[in-house]
Amino acid sequence: MLNFTWWVNRKDKNGKNIFGGGFLGLDNIGAFDRNMELKDGEHLEQADGTSWMAMYALNMMRISMELAQYYQVYEDMAHQVFEHYLYIAEAMENMGESKEGLWNEEDGFFYDVLQLANGESVSLRLRSIVGLIPLFAVEIIDHRCSAKMPNFRERMDWVLKNKPERLP
């Protein structure tokens, strides 16, 4: 959790669950150097980096769920990272403030987005493996496992019922 929190606090430039900048372990798959410093506060919001964090949240949820089978204290942690995953998934579609997300409905593909200093954003409509990485951020929740976690199950069901906008 310490490492997950470090990534959340260091690589989410605007605190909106969109990640980029620096080495995310996937920087060699883009068409240009995404570590490059841009001028005037401009920055790149990465589809693959954001997806990597979504998968990280799911992995942490799965680990927490397994631990919660033996130590109930991990049940809250499982729900916390589940919700973080949903925030990331929601942000990938809509970055708020009338900004489009990383998903392009017309193309049916994920793209990196360049955030300009004037507040505008530019979708970098370049097809590469970057746009496929979001497809990896999935997890199947074993009902036998979640059945032993009534608080997690109740909170997850509430979120799914009352916050459908968060569903990927």
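This is a predicted model: local features need pLDDT of at least 70, side-chain atom pairs count only at pLDDT 80 or more; totals for chains, interfaces and linings use all residues.
Helices here are DSSP runs of H or I at least four residues long, numbered from the N terminus, and by that count Leu58 falls in helix 2.

Starting with the overall layout, the protein has five helices and seven strands. Read from the N terminus, the order of elements is α-β-α-α-β-β-β-β-β-β-α-α. Of the 168 residues in the protein, 42% are buried. If we take contacts between residues at least 6 apart in sequence, 61% of them link residues at least 24 apart.

Leaving aside residues up to four places away in sequence, Leu58 touches Tyr85, Ala137, Val138 and Glu139. Tyr85 sits 27 residues from Leu58 along the chain, yet the C-alpha atoms of the two are separated by 6.5 Å.

How do the helices pack? Two packed helices are described by the angle between their axes and the distance between those axes. For helix 1 (residues 2-11) and helix 2, the angle is about 155° and the axes are 11 Å apart. That makes helix 1 roughly antiparallel to helix 2, and the crossing of this pair is left-handed. On the helix 1 side, the residues that meet helix 2 are Asn3, Phe4, Trp7 and Val8; facing them in helix 2 are Trp52, Met53, Tyr56, Ala57 and Met60. By class, this contact comes out as eight nonpolar residues, one polar and no charged.

Helix 2 also packs against helix 3, this time at an angle of about 160° with the axes 8 Å apart. Helix 2 is therefore roughly antiparallel to helix 3. Here, too, the crossing is left-handed. The residues of the contact between helix 2 and helix 3 divide into 18 nonpolar, three polar and one charged.

Helix 3 (residues 74-93) has a further partner in helix 5 (residues 150-162): their axes come within 9 Å and cross at roughly 20°. That puts helix 3 roughly parallel to helix 5, and helix 3 passes helix 5 in a right-handed crossing. From helix 3, the contact draws on Glu75, Asp76, Ala78, His79, Phe82, Glu83 and Leu86, while helix 5 supplies Pro150, Asn151, Phe152, Arg155, Met156, Val159 and Leu160. Sorted by class, the contact of helix 3 with helix 5 holds eight nonpolar, two polar and four charged residues.

Asn17 lies in the loop between helix 1 and strand 1 (43-45). The phi angle of Asn17 is near 65°, a positive value in a residue other than glycine. Asn17 is also buried, with a relative accessible area of 15%.

Conventions:
Residues are numbered from 1 along each chain as its sequence is written. Side-chain values use heavy atoms; hydrogens and water are left out. Axes are lines fitted to C-alpha atoms, for helices over the stretch in contact, and angles run from 0 to 180 degrees between N-to-C directions. Helices (H or I, at least four residues) and strands (E, at least two) are DSSP runs, numbered from the N terminus. Angles under 35 degrees count as roughly parallel, over 145 as roughly antiparallel, 65 to 115 as roughly perpendicular and the rest as oblique. A crossing is left-handed if the near helix is turned anticlockwise from the far one by less than a right angle, and right-handed if clockwise. Contact means heavy atoms within 4.5 Å. Ala, Val, Leu, Ile, Met, Phe, Trp, Tyr, Cys and Pro count as nonpolar, Asp, Glu, Lys and Arg as charged, and the others, Gly among them, as polar. Buried means under 20% relative accessible area, exposed over 50%, partly exposed in between (1.4 Å probe, protein chains only).
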